[in-house]
Amino acid sequence: MRKLAILGSTGSIGTQALQVAALHADRYQVTALVARSSYTLFFEQVRAFRPRLAGLVVRPDAIPDDLKQIEWVFGEEALTFAAEHADADDVLVSVVGIAGLSAVMKALQSGKRVLLANKEPLVAGGALVTEAARRAGKPLLPVDSEHSAIFQCLQGAQGNTPRRLLLTASGGPFRTWQKRDIYRATKAQALKHPNWSMGQKITIDSATMMNKALEVIEARWLFDMPTEKIDVLVHPQSVVHSMVEYEDGAVIAQMGTPDMRLPILYAMSWPERLATGGQALDWSQIGALTFEAPDTDKFPALNLAYAALKAGGTAAAVMNGANEAAVQAFLEDRICFGRIAQVVEETMQRISVVHSPSLEEVFEADQAARAAAQELLA
Ligand code: NAD
Ligand code: MG
């Protein structure tokens, strides 16, 4: 039995993680659950899985009587408290944004293995997170589908270093749109992802292609690869989840239906493979698989990742913080779609980089980026 804590259990990733944990209840015991405020769903999850520890960031008026014998923790520190004190082997971090960074660090520092869906902590604090994992002697297990795919493609590497990582991208809902139409796209249009059903923040990031920018940085840290060896390829069918190219030109790909239960469960069961409850690909129904270079004129966010990696230090934390602020402003109808990437770029130009930052300096950079972005958003 592996003991699993889930931070962000009521979200898209969290609920699917609980599905696969329930499917393999003989192997996984859910010992801690934390969410922000979706009380009804959260209480149902706690009732069904009976964790020892349950946490809510926003305190509810009351806890149902039948759940009172469980240990409860409330407030902003619920995440870090559970990361540190849960009786768990593995912590799945599936909250949104840099909010997960302290929890990732606490989980690693207390000797737990981290299954990482929450990409923003690695973008903002990549050097610190990978160093903490190295010290803990634990692999960081990727849940993001592209990174899980690359991790799977590397299983047979036998010590060979890849020549190139090829991150695939669906291209999002605006792939075939004209630039001026993308600029004025509405929230409803941006929230309609062609292939995946995900939380709002990552869905907007997919529409701007900032998601792929975040993923380039994520790949840099997870696989310790130099930036120039990480390429992005648009693949609208989302069947090839990413690829690894070796020195002899051989390309190994991981393919499957777009179903997050596979990368979630692979992180939980690695190196074993277990049934996910999902459908296998029907190859006779796929038709053509197509690939094209990303259009960085229409989707300028992608270039920002390479600029941030080149600048180093806190540049990626600034990019991420500005993007979190801009996406929130877009979701609150305060800016138009095209402003998101512009605000991120302008924020990056305003804030100077701190090299080899401490955790505090990463959070300071994040705060400075949000403040600068708010001025630009006003
Ligand atoms: P979501 O919005 O559906 O769910 C977020 C979960 O985290 C909810 O349970 C919410 O209550 C909780 N939460 C949010 N902010 C919190 C905070 N400050 N403190 C505590 N709990 C908080 O998001 P999602 O789509 O599941 O994505 C989660 C993370 O996984 C993101 O970083 C995203 O980029 C990444 N990811 C998601 C997918 C996907 O298919 N959804 C794929 C790849 C990567
Ligand atoms: Mg992804």
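Trainee: What volume does the second largest pocket have?
Mentor: This is a predicted model: local features need pLDDT of at least 70, side-chain atom pairs count only at pLDDT 80 or more, totals for chains, interfaces and linings use all residues, and side-chain values use heavy atoms, without hydrogens and water. Residues are numbered from 1 along each chain as its sequence is written; chains are lettered from A and ligands numbered from 1 in the order in which they are written. A pocket is an open set of points on a 1 Å grid over the protein atoms alone, where a 1.4 Å probe fits, with protein on both sides within 12 Å along at least five of seven lines; lining residues have an atom within 4 Å of a point. For the second largest pocket, the volume is about 310 Å³.

Trainee: Which element gives the largest share of its lining?
Mentor: The lining of the second largest pocket holds 22 residues, with Gln 254, Gly 256, Thr 257, Leu 262 and Thr 276 nearest the centre. Helix H6 (145-153), strand E11 (251-255) and helix H11 (261-269) each supply at least two. Helices (at least four residues) and strands (at least two) are DSSP runs. The largest share, 5 residues, comes from H11.

Trainee: Which residue of E3 is the bridge partner of Ala 32?
Mentor: Strand E2 (residues 28-35) runs parallel to E3, joined by 4 bridges. E3 also has 4 bridges to strand E4 (residues 71-74), again parallel. There, Glu 71 stands opposite Leu 53. In E3, Ala 32 is bridged to Leu 53.

Trainee: Are the residues on the two faces of E3 buried or exposed?
Mentor: E3 covers residues 53-56. Leu 53 and Gly 55 lie on one side, Ala 54 and Leu 56 on the other. Buried means under 20% relative accessible area, exposed over 50% (1.4 Å probe, protein chains only). On both sides, these residues are buried.

Trainee: Where does Pro 271 lie?
Mentor: A cis peptide bond joins Trp 270 and Pro 271, with omega about 5°. Pro 271 sits in the loop between H11 and helix H12 (283-286).

Trainee: Why does Asp 224 count as exposed?
Mentor: Asp 224 is in the loop between helix H10 (210-222) and strand E9 (230-234). Not a glycine, Asp 224 still has a positive phi of about 50°. Asp 224 counts as exposed because its relative accessibility is 61%.

Trainee: What is the relative accessible area of Ser 238?
Mentor: Ser 238 is in the loop between E9 and strand E10 (240-245). Its phi is positive, about 50°, although Ser 238 is not a glycine. Ser 238 is buried, and its relative accessible area is 7%.

Definitions and conventions. Grid points are joined across faces, edges and corners, and a volume is the space filled by probe spheres set on the points. Two strands pair if DSSP finds at least two bridges between them.
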